[in-house]
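Hi,

Here is the structure I promised to pass on.

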Amino acid sequence: MLAGAVCAAAVAASTAVPARAHQGPHWDVRDTGVFDVRFRGLAAVSRHTAWVAGTRGTVLRTTDGGGTWRDVSPAGAGALEFRDIEAFDARRAVALSIGEGEASRVYRTDDGGATWTESFRNTDARAFYDCLTFFDRRHGLAVSDPVDGRFRILSTSDGGRSWKVLPNRGMPAAQDGEAGFAASGQCLVSAGPRDVWLATGGAARARVLHSADRGRTWTATDAPIPAGDPARGVFALAFRDRAHGLAVGGDFRPEQDSPKAAARTADAGRTWHPADRPPPAYRSGVAWLPHSRTAALAVGPSGTDLTTDGGRTWRTVDTGSYDTVDCTPDLGCWAAGEQGRVARLEH
């Protein structure tokens, strides 16, 4: 706990210093060797091991802190768009490609990406899968945009080797135009053995849906984040336990302002409160800093923001472009984004 508190305090102390000055914690860009891929999928395993997934069917893995990267892309996946990846360790991972109909697929590897098995291919032209999450090494969910007026939930109980569509009787009706955003792999997140949250946008109201029974029944709560347009809503969620969560989003169009683009909850998402001082622009990814009850990072194409008071106030600490962020218990934080960009937080 002390190490995490020191890390958070050090980050806070360094917020007035440009990241490139390398004074205090800062993003250190790691050369992936690719420049024509956008990595919106990120799975941080430790300070040494991370997986990223993105366009052109690309999956990379590092086991030496980003010093070297191995291309472990699934064979024949070059036309797919990977938007989420969940890793259990350096050898086992599950990746999701997005798109209408058969473009939405799930792959699993047990040998560090040397080989992959396609464990799910969507055959419903109305479905479009956005995000994955796992409660543990066996149980996980994936979410599709609404089909027949309700979000569709896919479930696995064998670590992603097989999947089944859950009944939708416990899912509230979707709003007109409501969908999830496949922007950072964080529109569906879990905490603990049974709790899961789904972020939505594109409709009259941005919402966060919560399930306490691994996706069988859900409740929906309005979130105080801009909505009312297909480009606006909640893009990412992060929960440090089953009660305390953060939501970020806004309007992803660069020419549009995104006021009030962050919110927080302390009651598992039953109520959401807008940040008193939100990030200055749209943010697509968010993560709690390890072992901290109050510190978190939010990332987007125009920069990284830090909160040290549980999401009440945010301030920009870096202006580099990132789409997603993920942290690990051993004080490892990673970010990934456009032009093959991956970075690790250095202390």
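Thr63 has a relative accessibility of 44%, so it counts as partly exposed (buried means under 20% relative accessible area, exposed over 50%, partly exposed in between, with a 1.4 Å probe and protein chains only). Before I go on, some housekeeping: this is a predicted model, in which local features need pLDDT of at least 70 and side-chain atom pairs count only at pLDDT 80 or more, while totals for chains, interfaces and linings use all residues. Residues are numbered from 1 along each chain as its sequence is written, and side-chain values use heavy atoms, with hydrogens and water left out.

Back to Thr63: you'll find Thr63 in the loop between strand 4 (59-62) and strand 5 (70-71). Strands here are DSSP runs of E with at least two residues, and helices are runs of H or I with at least four, numbered from the N terminus. Which residues does Thr63 touch, leaving aside its neighbours within four places in sequence? Those in contact are His48, Thr49 and Ala90, where contact means heavy atoms within 4.5 Å. Thr49 is 14 residues from Thr63 in sequence, yet their C-alpha atoms are 4.2 Å apart in space.

Next, a sheet: 4 strands form an open one in the order 6-7-8-9, with antiparallel pairing. Strand 6 (81-87) and strand 9 (117-121) are at the edges with a single partner strand each, so one side of each has no neighbour in the sheet. From one strand to the next, the twist averages 20° (axes are lines fitted to C-alpha atoms, for helices over the stretch in contact, and angles run from 0 to 180 degrees between N-to-C directions). Strand 6 pairs with strand 7 (residues 93-98) over 6 bridges, in the antiparallel sense; two strands pair if DSSP finds at least two bridges between them. Ile85 sits opposite Ala95 of strand 7.

**Disulfides**

How many disulfides does a search of the whole structure find? It finds 2, taking a disulfide as a pair of cysteine sulfur atoms within 2.5 Å.

- Cys131 and Cys187 are bonded, with their sulfur atoms 2.1 Å apart. Cys131 lies in strand 10 (residues 129-134) and Cys187 in the loop between strand 13 (164-165) and strand 14 (188-191), so the pair ties together parts 56 residues apart in sequence. The S-S torsion of Cys131 and Cys187 is about 125°, so this disulfide is right-handed. Cys131 and Cys187 are both buried.
- Cys327 is joined to Cys333, S to S 2.1 Å. With a torsion of about 110° about the S-S bond of Cys327 and Cys333, this disulfide is right-handed. Cys327 counts as buried at 16% relative accessibility, and Cys333 counts as buried at 1%.

Counting bonded cysteines along the chain, the pattern is 1-2, 3-4.

**Core and confidence**

The largest nonpolar core has 16 residues, and those touching the most other members include Trp197, Phe239 and Trp272. A nonpolar core is a set of buried Ala, Val, Leu, Ile, Met, Phe, Trp, Tyr and Cys residues joined through side-chain atoms within 4.5 Å. Strand 14, strand 15 (195-199) and strand 18 (232-239) give two or more residues to this core, and strand 18 gives the most, with 3.

The protein chain averages a pLDDT of 93, and 93% of the residues score at least 70 (pLDDT is the predictor's confidence in each residue, from 0 to 100). Over residues 1-22 the pLDDT is below 50. Where pLDDT is low, the predicted coordinates should not be read in detail.

Cheers
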